[in-house]
Amino acid sequence: MENVYNTTEDFRELVLAQQSEAPPAIWSGNLLDYMKLVEKSPEIASLSPARIYNMIMKAGTEPVEDSIKTKGYEDLVWYKFFDNKIFGNRTAEGIHDIMRFLKASSKRTETGKRILVLVGPVSSAKSTISTLIKRGLEKDGTPKYCIAGCPLHEEPLHAIPLENREMWGEKLGVKIEGELCPVCQLNIDQNFTDNEGKVKWHEIPVELVKISEQRRQCIGTFTPSDPKSQDISELIGSVNMGKIAMYGESDPRAYTFDGELQVANGGVIEYIEILKADIKFHYVLITAAQEQTVKAPRFPQMYIDTLILSHTNQTEFEKFRGNKENEALHDRMYVVKIPWNDRVKDEVKIYEKLIAESEFTDVHISPQALEVAAQFAVLTRYHESEKINLIKKMKLYNGEYLEEFAKGKDFDIHKLREEGKAHEECMEGISPRFVTNAMNIILGAKDKVETGTDKYTGCITALDMIRSIRNTFDHHIGHDEKQRQRYEELLTSDKDSILAEYREFAKREVSTAFVHAYDDQADELFARYMLNIKADCKNETILDSLTGEYKEPDEDIMRALEEQIGIPQDAKKDFRKGIFVYQADALSQGTEFSWKTYKPLKDAIQKKLMADLKNVVTLSIADTTITNPKATKRREKALQTLLDKGYCENCAKHLLSFVGEILRREN
Ligand SMILES: Nc1ncnc2c1ncn2[C@@H]1O[C@H](COP(=O)(O)OP(=O)(O)OP(=O)(O)O)[C@@H](O)[C@H]1O
Ligand SMILES: [Mg+2]
Ligand SMILES: [Zn+2]
Ligand SMILES: [Zn+2]
């Protein structure tokens, strides 16, 4: 407690330092001064879609893997603006579509004069993308100016009279679009027009705008509520009855410009759940998108420049599209699909992000737990192709090497993805939110685990995830019985399921740990094998150190390894010679030669060891009271390998007993 005052002083310095780094928030000048600024940096006067487009481009782009490019997206890139916030190839396509729209909209082409609608299944990042754009605008380094006191914080160049615009537009390198708002018009008429009628528009004061959703400047949000009671004034503002008496009808002073569209002028309006709103709102927005105007009753049109960014979920959209009455509206919407992702690695990144943002931080998440959940989630989203089974498709999509693929069968990954897209792949299935719910269940059960009354492990392991996902089906409405059955099969059936895949993974994981613990035996196997094949190749005999006698090379010893990797009898001689060729190469290049550096031998030795060790592993896993010091040491070494890989003692032990159980059953 004694250092309170010092601390306060330090804080003060920190604050001052921060403030001195922040860009100036105040600028004062008139339109003439502003025009000089525009001449230097025309982007400060960009239309809103261009401002947003530039903001995203400024962060840069990155090339993407060729395997995720599909027809129509040959020019796909990743926009770094969304780094660490958005993941996944399919979302990347959605963002690319948004960028195409912004480009068209910046140029005011017909395509761009529409409402942008993000359509996707629940929890596919539609809201997240919208929010990132809004937050981005608030932080964007391109300053925005407006006519001082304008309730629509409008672009100052609007004050340039129509007849002079062409010349100024050319000089400043910008397109001047839009009529002055009624308030600023009145201001000019009353305060910047002299007795002879000369308009001194260039003297009108200009100020910096702080783009801020909270201050309701340039960022608006419209959320539909009860369609009967929700009023259009929420979008376009309203007449103030009290002031009509004072100023008369259609006087701007009797109007309150607080509609979301007016708020959003110069930036973006997020239109949440667009299709839940009454159709009258759609028409206002369409005019705004099409003509850049809004019209209030008994009031001149007002120019509005804003990106209309709306979103809706897939189900609502299907309903809307099915309704003939809405046909006129369809054309006025630019639909961008935001599906879920199809790659395990991206899905895992989403979960990692959600975990980092949540209260999961005090629970240990074991290796492969998120992968297993992600595998399941993406599997449920796939179209069942006749060309390939789902598990293989999952690996292929994820960029994992598959033999069939390498051999160039009659499909390739691009065609496979295109086929999937044609069947609306990733628009139906399990959402990231479903998976986080499953994690929450484990978390909720954690306390029970500690008192030993529940079947979860206390960490979040892959098996916990599988169990919890299965339990979550019970709490989830919206999946019918047939779907549920399919999901169960994908999750836990004996073959081609997530659980089956995980069994193999777990076995490999434990094998590698044990093989590592038995390194010395692997070395022995290798030495013995080399000794024998050398004698075999040279037609020599081997001195037996025990008996002191010479004997023929031992075929059994050699074949025991070779059979592990399927070397047939008639190819064994070539295989053996091949090893010496490899060894000679290694020697001449000065690189190491051991069983670890020659892949076929490594595989063979590991497999042989594992086969020999099966009983040992099962035993030492099952019996932790083994007193043989050598066995205990090896068990500890295996455990350490698992700890190094990110397991904790608790989940490592669970893994060992799971694998012990599998091996026992296989024996
Ligand atoms: N592709 C993705 N990349 C990163 N995070 C994602 C992705 N998809 C979903 N999420 C995360 O999942 C959560 C839900 O996403 P969000 O609320 O944006 O979805 P939505 O599409 O608006 O869903 P809804 O239709 O239910 O409103 C968010 O925390 C979001 O960050
Ligand atoms: Mg949403
Ligand atoms: Zn104005
Ligand atoms: Zn653990």
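Figure 1. R90 counts as buried, at 7% relative accessibility (buried is under 20% relative accessible area, exposed over 50%, partly exposed in between; 1.4 Å probe, protein chains only). E93 counts as buried too, at 4%. The two side chains meet in a salt bridge, 3.6 Å from N to O (a side-chain nitrogen of Lys or Arg within 4 Å of a carboxyl oxygen of Asp or Glu). Both belong to helix α4, residues 89-106, and being three residues apart they are separated by about one helical turn. Helices are DSSP runs of H or I with at least four residues, strands are runs of E with at least two, and both are numbered from the N terminus.

**Basis of all views.** This is a predicted model: local features need pLDDT of at least 70, side-chain atom pairs count only at pLDDT 80 or more, and totals for chains, interfaces and linings use all residues. Residues are numbered from 1 along each chain as its sequence is written, chains are lettered from A and ligands numbered from 1 in the order in which they are written, and side-chain values use heavy atoms, with hydrogens and water left out.

**Figure 2. R576 and D536, a salt bridge between two helices.** The side chains of R576 and D536 meet at 2.9 Å, N to O. R576 lies in helix α25 (residues 572-589) and D536 in helix α23 (residues 519-538), 40 residues apart; the pair links distant parts of the chain. Both residues are buried. Shared partners extend the pairing: salt bridges join D536, E555, R559, E562, E563, K572, K573 and R576 into one network.

**Figure 3. K345 and E65, a salt bridge between a helix and a loop.** The closest N and O atoms of K345 and E65 are 3.8 Å apart. K345 sits in helix α14 (residues 344-356), while E65 is in the loop between β2 (61-63) and β3 (77-79). The partners are 280 residues apart and link distant parts of the chain. K345 is partly exposed, at 31% relative accessibility. E65 is also partly exposed, with a relative accessible area of 40%.

**Figure 4. Context for the close-ups.** The structure holds 43 salt bridges. The protein has 28 helices and 16 strands. Of its 667 residues, 48% count as buried. The C-alpha atoms fill a box of roughly 125 × 75 × 60 Å, taken along the principal axes.
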